[in-house]
Amino acid sequence: MILPWHLYLMAILYILAGINHFRSPEMYIRIIPPIFKKPNIINILSGAAEILLGILLMLSFTTHLAAWGIIALLIAIFPANLYMLQNKKASFGLPKWILFVRLPLQFVLIVWAYLYTF
């Protein structure tokens, strides 16, 4: 079965984002809300999950499971997006409107992943 190009695009985006967790960990650690302990471990786990799920998206026999994993991951990282909106240090100085637009973007990404759950 040949997978559609947009599935490969999604997979590559998650793989690249996951790699970036290891290239620039301070960026991701900065947006992890302080309520979560051990931000270094959370960064490593979320980066590894993005890489693994991106790879699994490209394998036709694991696409649907990986899509569910992406959905779970997007829900799990949603507090970081809220924290960026609420905390000036975590916002990287981005305008509030950009940070606000990120919130519904998470739902768009969830819907995109949901398309591959069946």
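In which helix does Trp97 lie? Trp97 lies in helix H5, where helices (H or I, at least four residues) are DSSP runs numbered from the N terminus. The model is predicted: local features need pLDDT of at least 70, side-chain atom pairs count only at pLDDT 80 or more, and totals for chains, interfaces and linings use all residues. Residues are numbered from 1 along each chain as its sequence is written, and side-chain values use heavy atoms, with hydrogens and water left out.

**Helix H1**

- The 19 residues of H1 should span 27 Å at 1.5 Å a residue, and the end C-alpha atoms are 26 Å apart, which agrees; the expected span is 1.5 Å times one less than the number of residues.
- Leu7, Met10, Ala11, Tyr14, Ile15, Gly18, Asn20 and His21 are the buried residues of H1. Buried means under 20% relative accessible area, exposed over 50%, and partly exposed in between (1.4 Å probe, protein chains only).
- The cover over these buried residues includes helix H2 (25–30), H3, helix H4 (63–86) and helix H5 (96–114).

**Packing of H1 with H3**

- Two packed helices are described by the angle between their axes and the distance between the axes.
- The axes of H1 (residues 5–23) and H3 come within 7 Å and cross at roughly 155°. Axes are lines fitted to C-alpha atoms, for helices over the stretch in contact, and angles run from 0 to 180 degrees between N-to-C directions.
- H1 and H3 are therefore roughly antiparallel; angles under 35 degrees count as roughly parallel, over 145 as roughly antiparallel, 65 to 115 as roughly perpendicular and the rest as oblique.
- The crossing of H1 and H3 is left-handed, a term for a near helix turned anticlockwise from the far one by less than a right angle (clockwise is right-handed).
- Among the residues making the contact are Tyr14, Gly18 and His21 of H1 and Ser46, Gly47 and Glu50 of H3; contact means heavy atoms within 4.5 Å.
- The residues of the H1 contact with H3 divide into 13 nonpolar, six polar and one charged. Ala, Val, Leu, Ile, Met, Phe, Trp, Tyr, Cys and Pro count as nonpolar, Asp, Glu, Lys and Arg as charged, and the others, Gly among them, as polar.
- Ser46 sits in H3 (residues 39–57) and counts as buried at 13% relative accessibility.
- Not counting residues up to four places away in sequence, Ser46 touches His21 and Leu73.

**Packing of H1 with H5**

- H1 and H5 pack at an angle of about 130°, with axes 11 Å apart, and are therefore oblique to each other.
- The crossing of H1 and H5 is left-handed.
- On the H1 side, His6, Leu9, Met10, Leu13 and Tyr14 meet Leu109, Trp112 and Ala113 of H5; by class, this contact has seven nonpolar, one polar and no charged residues.

**Trp97 and Tyr83**

- Trp97 counts as exposed at 60% relative accessibility. The C-alpha atoms of Trp97 and Leu85, twelve residues apart along the chain, are separated by 9.1 Å.
- Tyr83 is in helix H4 and is buried, with a relative accessible area of 17%.
- Leaving aside neighbours within four places in sequence, Tyr83 contacts Arg30, Ile31, Ile32, Pro33, Pro34 and Ala90.
- Tyr83 and Ile32 are 51 residues apart in sequence, with a C-alpha to C-alpha distance of 7.3 Å.

**Positive phi in loops**

- Most residues other than glycine have a negative phi.
- Lys38, in the loop between H2 and H3, has a positive phi near 60° and is exposed at 58% relative accessible area.
- Phe92, in the loop between H4 and H5, has a positive phi of about 60° and is partly exposed at 33%.

Technical notes. Helix = DSSP H or I, 4+ residues; strand = E, 2+ residues; numbered from the N terminus.
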